[in-house]
Amino acid sequence: MRRAASIQLHPEALRHNLAVARGLAPGVSMWTVIKAEGYGHGLLWAAEVLAGASDGLAVSQIGEARALREAGFDGPLLVLQGPHDVGELRACHQLRLEPVIHETAQLDHLDAVPVRLPTVWVKLNTGMNRLGFGPPDAEGVARRLRAAGHGSWGVHWMTHLACADEPEHPQNARQLEGFAAAVSPLPGQASVANSAALFAGWGRAPGLDPERVCWARPGIMLYGAHPASVPADAPPEGPQADLRPAMTVQAPIIAIQPLEPGSMVGYGATWTADAPGRAGIVAMGYADGYPRHAPSGTPVRVRDRICPLIGRVSMDMLAVDLTDCPQAGVGDLATLWGEGLPVERVARAAGTISYELLTRVADRLQPAR
Ligand SMILES: *Cc1c(COP(=O)(O)O)cnc(C)c1O
């Protein structure tokens, strides 16, 4: 019997989800985002699965890009945070990376080294106020880059939307209009859309000449999670779009506890049975990456049924209510998320987002075989 929690990865799901992304934005090139260890699936695993299928890979940091080059990936690599110092800038050149430049200090570094970067992406801050130059500075940044000999293959433009998962939010229109106004008069390719913006129909940056080359930057949807928040009244099962989970996390039931009315389960005795029933103890806990704050009622799947979490999550274990699943027993595998239980449903119940659950999956989880 398997004793430990395990993780299954589904490469065909990743490629399927990329095809979904392409279907949402025909003619738009795809930077597939594999930062944060491929959203918890493994940097090299995600790169290997996506490399031939996408138009380029996007990571946050130079170190991630270096690991990809060392592993033999020689296609386009976008580095979303760009170089943080002169050494990283040299690495951008040596490793043939496409860095994102988002602040003046990076331009100063560019002046300080003799390297010339053929392709540079400039990030504009259109209202998220995280990274980026103000849109009025766009032309000046491009001029400075070109004067220093950079961008012989292109100075390109990107921005990031704060509220794409709520398409009606007025912040979207403000940001999209600000981007289009700044970029329209300038040459170069454009990139606006993360997963949520692809679903909103903004893969081709709205307001720009339709002939302009556009890139989208899907991340979470590639891994099978829908970026929009799950409606509060949604049933716990079923995906929100034709996306397939790239990860299934399972753990065996290692014990069964019969419950009497009044029996309490777990630390703090926070859950009390009101009828006779059964608790199944599952070998998955917060040290494995399951959210400790997931409340009673969070969906867990056992034998094709949703058997809700009961009581507090422990370090290596959690309990589920098996009262309505009398066939379930020791040795059965519970699905914490993945096939049959979309991760965003679990995230919603636990008061977090799919991104956090996926990226927190612990290294100690065994690959299933
Ligand atoms: C992480 C990231 C993405 C991908 O976002 P998803 O919501 O996962 O699709 C795109 N662009 C930038 C700048 C990012 O940091």
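This is a predicted model: local features need pLDDT of at least 70, side-chain atom pairs count only at pLDDT 80 or more; totals for chains, interfaces and linings use all residues.
Residues are numbered from 1 along each chain as its sequence is written, and side-chain values rest on heavy atoms, with hydrogens and water left out.

Strand 17 spans residues 318-321; helices (H or I, at least four residues) and strands (E, at least two) are DSSP runs, numbered from the N terminus. Leu318 and Val320 point one way from this strand while Ala319 and Asp321 point the other way, and all are buried, that is, under 20% relative accessible area, with exposed meaning over 50% and partly exposed lying in between (1.4 Å probe, protein chains only). In a regular strand the side chains alternate between the two faces of the sheet.

Two strands are taken to pair if DSSP finds at least two bridges between them. Strand 13 (residues 277-282) runs antiparallel to strand 17 and is joined to it by four bridges, with Gly280 having Val320 as its bridge partner. Strand 16 (residues 309-310) also pairs with strand 17 in the antiparallel sense, over two bridges, and here Ile310 stands opposite Ala319.

Arg3, in the segment before strand 1 (6-9), is exposed because its relative accessible area is 53%. Beyond its neighbours within four places in sequence, Arg3 is in contact (heavy atoms within 4.5 Å) with Pro252, Ile254 and Ala283; the C-alpha atoms of Arg3 and Ala283 are separated by 7.1 Å, although these residues lie 280 residues apart along the chain. His16, in helix 1 (residues 11-24), counts as buried because its relative accessibility is 16%, and, its neighbours within four places in sequence again set aside, His16 is in contact with Asp242 and Arg244.
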